[in-house]
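Open your viewer and switch to a cartoon view. We will go from one selection to the next, with a short note at each stop.

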Amino acid sequence: MGRLNNKSEDRPLILIPSPHIPSYHLQKKYPEIYQKFEKNLLAKKVKRHVLTYAQFKEDVNLLKNAETRFLPQAYVKSPLLINIFGDSVAQILWSQPVVIIVVKNKVMADGYREYFKLLWEQSHA
């Protein structure tokens, strides 16, 4: 699964999806923000590990530098999209208004990373 180690400068961006909102939602709903975000990721050569659902398979191909796996539809009924990067976790609720909570905490980020590994092992390419 690429590099999921403990060196924070070497960590990929990890995305845990919501079955209701695709991981690439930002690029469709907020294209200007997404373009800046994407440019930054590509400039820094950040790898992405993305879990998503088969219903989003065609659209997820739009993501660059991404290793993608697909979860069974019955998994993760949470409306949150979770991004793990370095020692930070962003929990995003695509509602009106959008709610974004970012917590910088190594223990929390490592805990979410372990949760991601469990889901990754149970998903398929």
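Strands (E, at least two residues) and helices (H or I, at least four residues) are DSSP runs, numbered from the N terminus. Two strands count as paired if DSSP finds at least two bridges between them. This is a predicted model, in which local features need pLDDT of at least 70 and side-chain atom pairs count only at pLDDT 80 or more, while totals for chains, interfaces and linings use all residues. Residues are numbered from 1 along each chain as its sequence is written, and side-chain values use heavy atoms, with hydrogens and water left out.

**Stop one: the sheet.** Select the strands. Six of them form an open sheet with mixed pairing, in the order β3-β2-β1-β4-β5-β6. β3 (66-71) and β6 (99-104) each have a single partner strand, so one side of each is left without a neighbour in the sheet. From one strand to the next, the twist averages 15 degrees; angles run from 0 to 180 degrees between N-to-C directions, and axes are lines fitted to C-alpha atoms, for helices over the stretch in contact.

**Stop two: the helix on the sheet.** Now select α4 (residues 106-121). Helix α4 packs on the sheet and touches β1 (13-16), β2 (48-53), β3, β4, β5 and β6, where contact means heavy atoms within 4.5 Å. The direction of α4 makes about 65 degrees with that of β1.

**Stop three: along the antiparallel pairs.** Start with I16, whose bridge partner in β4 is I82; β1 and β4 pair in the antiparallel sense over three bridges. Move on to β4 (residues 80-85) and β5 (residues 88-93), which run antiparallel and are joined by six bridges. Here F85 stands opposite S88. Two residues lie between the strands of this hairpin, and G86 takes a positive phi near 55 degrees. Next, β5 and β6 form a hairpin with five residues between them, and I92 stands opposite I100 in β6. How many of the six residues of β6 are buried? The count is zero, with buried meaning under 20% relative accessible area, exposed over 50%, and partly exposed in between (1.4 Å probe, protein chains only).

**Stop four: the cores.** A nonpolar core is a set of buried Ala, Val, Leu, Ile, Met, Phe, Trp, Tyr and Cys residues joined through side-chain atoms within 4.5 Å. Show side chains for I16, L51, I82, I84 and F116, which touch the most other members of the largest core, a set of 14 residues. β1, β2, β4 and α4 each supply at least two residues of this core, and α4 gives the most, with five. Apart from it lies another core of seven residues, including L13, Y34, V50 and L63.

Finally, select α2 (residues 31-43). Which of its residues are buried? They are Y34, E38 and L41. Seen down the axis of α2, these fall within an arc of 65 degrees, so they line one face of the helix; the arc is that of the directions from the helix axis to the C-beta atoms. On the other side of α2, E32, I33, Q35, K36, K39 and A43 are exposed. Just after α2, end the tour at K45, which takes a positive phi of about 55 degrees.
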